Each structure stands twice: as C-alpha cells, then as structure tokens.
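Colleague: I have a few quick things to ask about this model. Can we start with the overall layout?

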Amino acid sequence: MATGSSERPLRADAARNRRAVIAAARDAFGRHGVTTSLEDVARAAGVGPGTLYRHFPSRDELVLAVMDDGLTELHRLGVELLDEPDLLGAAHRWLDAYIEQSGRYEGLARTLASPPAVADEHSICWRAIEVGMALIRRAAEAGALRVDADADDVRHLCAAIAWVDGQLPPDPDRRARLVQMVLDGIRPR
C-alpha cells in the first residue's frame, strides 16, 4: 500500500518487502530500541539497505510506520474521549495511553515528544497528538486544570515519564504515580 493518496499502489513484491522491513524493525526496536542499526533491520527483513531506504528514506519514517497501529489507536481513544463528561478523567486516560505508546520502545519518547518533519499535520502521529492536546485544553478551559496548563508542556512531561520509566528497574506503579503528580501539579489551586 502506498503511503500517500496520490501515490500508485506498490507492486506485490514491493509491498511484501515493506511489510518485512516493518516487521523486522518492530522486532529490532523491541530488543534494541529505535536507534538500532538499520542495516541489521534490512538484513533481518531479507532485503538490502537500498530497499529499506527506498521505502523509508529516514529512520523517523520507519519508526512512524512501525508505530502506525499504536498511533491510530491513540487517536481513536482521543476522539472517543472528546465526548466524555469527566474532562479531567478523559485527559488522564489519554495521557496514560500516550505514555504507554511513548515508552513502547527505548528512544521512542523523543520521536513522539517532537515528531519529525516527515510527520506532517495530516499524519496519524500529529492527529493523535492534536486530539490529546484538545482534551487537555478542554479540561483547562472548563476549570478542571489550571488555565496556564499548556497542552504541549503537559505532553512533554508525559513523554519524560515514558523515558524515565524505561531507564529504571521495572515498577508497575511508577507510571500511575508520576502521571498523578503531573495532574496534581496542574489542577487549579
């Protein structure tokens, strides 16, 4: 499948190679983080580096392709939460899901905290982020959060939580504690 609506569909072998690269990258990212060797990804996919770079000219494009399903789910959740009457609860649920996505692979929090230029405003990455920012702004405008709670700042704090959580020994309660601290800090006084 082509990435843009104006592009021609991929030939069957090219589509197969693209799927193989994404699967190999998903596995490599899970073991070594998003900074893993792309040459190793190509080798694991059974393609040459040129094939990998034809499909994904940059590492960021490959990272976003691997994250496509998770970002689609994050966007879907955000859209559902826009109808929630509990504005703070809705923002909390989206932020928790955002942290989970950001922490899925070592090094991913950087990509989601500051999406690459290849993720234009129509990409699923930006659409997922925008719906979350709308949830945070809505909660602030309704008085559930401080009016000076900047949605991007809150998102960046949550990306930091994902990064920290990946650097420390496992603690199943850490993420919930840290998110609660962030929310407590941005509630009206």
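Modeller: From the N terminus on, the elements run α-α-α-α-α-α-α-α-α-α. Helices (H or I, at least four residues) and strands (E, at least two) are DSSP runs, numbered from the N terminus. This is a predicted model, where local features need pLDDT of at least 70 and side-chain atom pairs count only at pLDDT 80 or more, while totals for chains, interfaces and linings use all residues. Residues are numbered from 1 along each chain as its sequence is written, and side-chain values use heavy atoms, with hydrogens and water left out.

Colleague: How many helices and strands does the protein have?

Modeller: The protein has 10 helices and 0 strands.

Colleague: What share of the residues counts as buried?

Modeller: Of the 189 residues, 43% are buried (under 20% relative accessible area, with exposed over 50% and partly exposed in between, using a 1.4 Å probe and protein chains only).

Colleague: And the largest nonpolar core, which residues have the most contacts inside it?

Modeller: Those are Val41, Leu62, Trp94 and Leu145, in a core of 60 residues. Such a core is a set of buried Ala, Val, Leu, Ile, Met, Phe, Trp, Tyr and Cys residues joined through side-chain atoms within 4.5 Å. Helix H8 (residues 124-141) gives the largest share of this core, 10 residues.

Colleague: What is Val41 in contact with?

Modeller: Leaving aside neighbours within four places in sequence, Val41 is in contact (heavy atoms within 4.5 Å) with Val21, Ala24, Ala25, Ala28, Thr36, Leu52 and Leu62.

Colleague: Thanks, that covers it.
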